[in-house]
Structures are given as C-alpha cells and as structure tokens.
Amino acid sequence: MQNAYTHMAECATESARVARGIGATLPLTSTTACHGWDLRELINHWVLYSAYGLEHRALRTPIPDELTARDFTADPDWPERYAAQLERAVAAWSDPAAREGTVDTGHGSTPAREMAAMLLMETVLHGWDVARATGQEFRLSGPAAACLLETVEGTAALYRQYEGFAAEVTPPAAASDFERALALSGRDPRRAAVV
C-alpha cells in the first residue's frame, strides 16, 4: 500500500478550497447523491471525519461526543475553521510516530498506514460528493489518485458490505485512476456538478 501521508496535504488543501467555494446562499437542505443525505448532513460528516477524525486518529484519542453532534455549518465561518482544522490534522500526521503502530478504532486495531489511507479516501470521496453537489470540481494529482485507487480497491468489498459504498459503476472508457476509484466506490464520475 502506498504511503497516503504523502498526499494528505494536497487533499486537505483541495478540500479547503472546495469548502470555501460553497456559496453562502446555497440551500443546505438540497439533496445530494450521497447516502440520501442532504447537503448539511454531507458537509457535517465530511468535516467531522476528514479534519477532526484525521487529527484524533493520529493522536490516538477518541473523537469527543460534542464534535459528533455539532452542526459545523451553523458557524458562518465554517469553511475557514475547517481549513484550519485540516492543517492541524495534517500536522499531527507529520509526526513519524503517528504513522507507526496501530490505531484503536473502538472495534479493533488498524495499522496506522492503513488508517491514514482510509482517512484520505474519506476526505477525497466525500470532498468529491460535496464538490459535485455545489457546482464544483474536486482536483487530484495523478500520484494521489493512484494512492486513492489502491485504497478503494483494497476496501471496496468491505465498505459495500456495510453499505458505505453503493454498487460499482462502470467507469468511462480510458478512465483516469481518480475516475476508476470513484466508479469502484459507487460514484458516477460522469455525473455533472449541480449548478
């Protein structure tokens, strides 16, 4: 498995850009293509796990209940708070000790390297969901997309078993690694962004 940590800063920067690109007048009750969640629910899930969850997993601390119940979108400056939290999360993973050993998930232990890859996957896939729901693109470099695809290939069956992924979509001809990862995770890479 590739080292997901090397792509965390890129994905965090792109997630922050997408968050900042969401218009203040966009109705947060609008529907998304993700698990039947409206936009507010999708953003709150994305913020919680891609920023706070990312940091807490690196620090080996549980996510506080207060965070799991918070409506991050209720703060008018939530995109800036999210961007700052993403920076803290990436910094936490910059400690080599964070990338060694295992992470207790509450249901067992996962090697830190695998946990980093799964959190990167969470950040990118839901970042793409949010981008599509808000008329934006989520951009990913070739190396980061290759890392994402490897992770999705290794976890798709398990995620699908627990309804974390929808049924696989046929990717377009000559699909990029990013498009193949999206399709394997049950997302249609040809789906147009909502405008």
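**View 1. Cys-147 is buried, at a relative accessible area of 1%.** Here buried means under 20% relative accessible area, exposed over 50%, and partly exposed in between, with a 1.4 Å probe and protein chains only. This is a predicted model, in which local features need pLDDT of at least 70 and side-chain atom pairs count only at pLDDT 80 or more, while totals for chains, interfaces and linings use all residues. Residues are numbered from 1 along each chain as its sequence is written, and side-chain values use heavy atoms, with hydrogens and water left out. Cys-11 is buried too, with a relative accessible area of 2%. How far from the sulfur of Cys-147 is the closest cysteine sulfur? It belongs to Cys-11 and lies 8.0 Å away, which is too far for a bond. With a disulfide taken as a pair of cysteine sulfur atoms within 2.5 Å, the count comes to zero disulfides.

View 2. A cavity is a set of points, on a 1 Å grid over the protein atoms alone, where a 1.4 Å probe fits but cannot get out; a pocket is an open set with protein on both sides within 12 Å along at least five of seven lines, and lining residues have an atom within 4 Å of a point.

View 3. Look for Val-47, Tyr-52, Arg-70, Phe-72, Asp-75, Trp-78, Arg-81 and Tyr-82 around it. H2 and H4 are the elements that give two or more residues to this lining. Which of the elements gives the largest share? That is H4, with three residues. The lining has five nonpolar, no polar and three charged residues.

**View 4. The largest pocket holds about 750 Å³ of space.** H2, H5 and H6 are the elements that give two or more residues to the lining. The largest share, seven residues, comes from H5. By class, the pocket lining has 11 nonpolar, nine polar and three charged residues.

**View 5. Arg-60 has a positive phi of about 65°, although it is not a glycine.** You will find Arg-60 in the loop between H2 and helix H3 (65-68). Is Arg-60 buried, exposed or partly exposed? Arg-60 is partly exposed, with a relative accessible area of 32%.

**View 6. Glu-163 is another non-glycine residue with a positive phi, of about 60°.** Its place is the loop between helix H6 (142-161) and helix H7 (177-184). Glu-163 counts as exposed, at 64% relative accessibility.

Note on methods: Helices (H or I, at least four residues) and strands (E, at least two) are DSSP runs, numbered from the N terminus. Ala, Val, Leu, Ile, Met, Phe, Trp, Tyr, Cys and Pro count as nonpolar, Asp, Glu, Lys and Arg as charged, and the others, Gly among them, as polar. Grid points are joined across faces, edges and corners, and a volume is the space filled by probe spheres set on the points.
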